[in-house]
Amino acid sequence: MIQYIIRRTLVLIPTLFVTTMVIFLIVQLAPGDPLEIFVSPEVKLTPEEKARIRHQLGLDRPLYEQYARWVTDFFVGNMGTSFNYKVPVWDLIKTRLWPTVQLMGLSLLLALLVAIPAGVLSALRQYSWLDNTVTALAFFGISMPNFWLGLLMIFLFSVYLGWLPTSGMISPGGGGLLDRLAHLIMPVFVLSTGFIAGFSRYMRSQMLEVMHEEYVYTARAKGLKESIVIFKHILRNALLPVVTLLGLSLPIFVSGALITEQVFGWPGLGQFFWQAATQRDYPVIMAILTLAAILTLLGNFLADLAYGLVDPRIRYD
């Protein structure tokens, strides 16, 4: 196991550096002069002053030097200074990181708690009314865009019924635990809907595939209880593709959080990234994209490690 972790880490390091190079080059190719964004339009600068500011920001250096300086500073904790807020990027990100972790964590937990039992029951009751209902709801969840579902929920539960707050993380003036939960209900539901639909369909198909394996017939022929056959022999083997899908879904959660946070005014990284993109705040954009890339690679790494926990036949030596 230790050797496997070391090998995977050695592979992740160059992959991460290539990803940071792509992010840096994409941002550099974006239209607009960073100096015009950094300096207020009302300020009239002479060519000498512009050259001095470019030198201070390092914009007059070759691209490879700018990249080397940026990536070195990033991995020692210096993500640069925001063009719009004129403060360190990390100070801005850390205040918005916990709201996004809350939203993504609860959405992921809800998706797993609903999708896995739904997929298992749907497979065990194939072609029944339960299977047809789960399938119909899954197709609805997959085809419904996040922003549209969010707007529908705001209109129904906030505007029409008045049950839930429309946006934000807490009510004006502060609020207790129930107030925070009320603000979480709609964003968590919207963000988890598509993943519940996808996970349940994968779970159903894998359960149906494993149910017809020879070792399942052998287990039943030995007289094992049906519950043992389902949970020990079928479910554990059917979970492997879901573990893979879960690791690959982490970046999709990030992109989904971007839209969901914007719709519900949730003060997280998704909304912050949207604001930075519209304002062309390049240091913030590069920092958030790099963090998302790290999360993607980490998700794939953890999914590989989880294989051994789900399927004891898998060995890393």
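**The crossing of α6 and α8**

Guide: In this predicted model, helices α6 and α8 cross in a left-handed manner (the near helix is turned anticlockwise from the far one by less than a right angle). Residues are numbered from 1 along each chain as its sequence is written, local features need pLDDT of at least 70, side-chain atom pairs count only at pLDDT 80 or more, and totals for chains, interfaces and linings use all residues. Side-chain values rest on heavy atoms, without hydrogens or water.

Helix α6 covers residues 129-143 and α8 covers residues 177-211; helices are DSSP runs (H or I, at least four residues), numbered from the N terminus. Their axes lie 8 Å apart, at an angle of about 135 degrees (lines fitted to C-alpha atoms over the stretch in contact, with angles from 0 to 180 degrees between N-to-C directions).

From α6, Asp131, Thr135, Ala138, Gly141 and Ile142 meet Thr193, Gly194, Ala197, Gly198, Ser200, Arg201 and Arg204 of α8 (heavy atoms within 4.5 Å). By class, this contact of α6 with α8 holds three nonpolar, six polar and three charged residues; Asp, Glu, Lys and Arg count as charged, Ala, Val, Leu, Ile, Met, Phe, Trp, Tyr, Cys and Pro as nonpolar, and the others, Gly among them, as polar.

Elsewhere, leaving aside neighbours within four places in sequence, Ile288 is in contact with Ile93, Leu269, Phe272 and Phe273.

Conventions
Helices (H or I, at least four residues) and strands (E, at least two) are DSSP runs, numbered from the N terminus.
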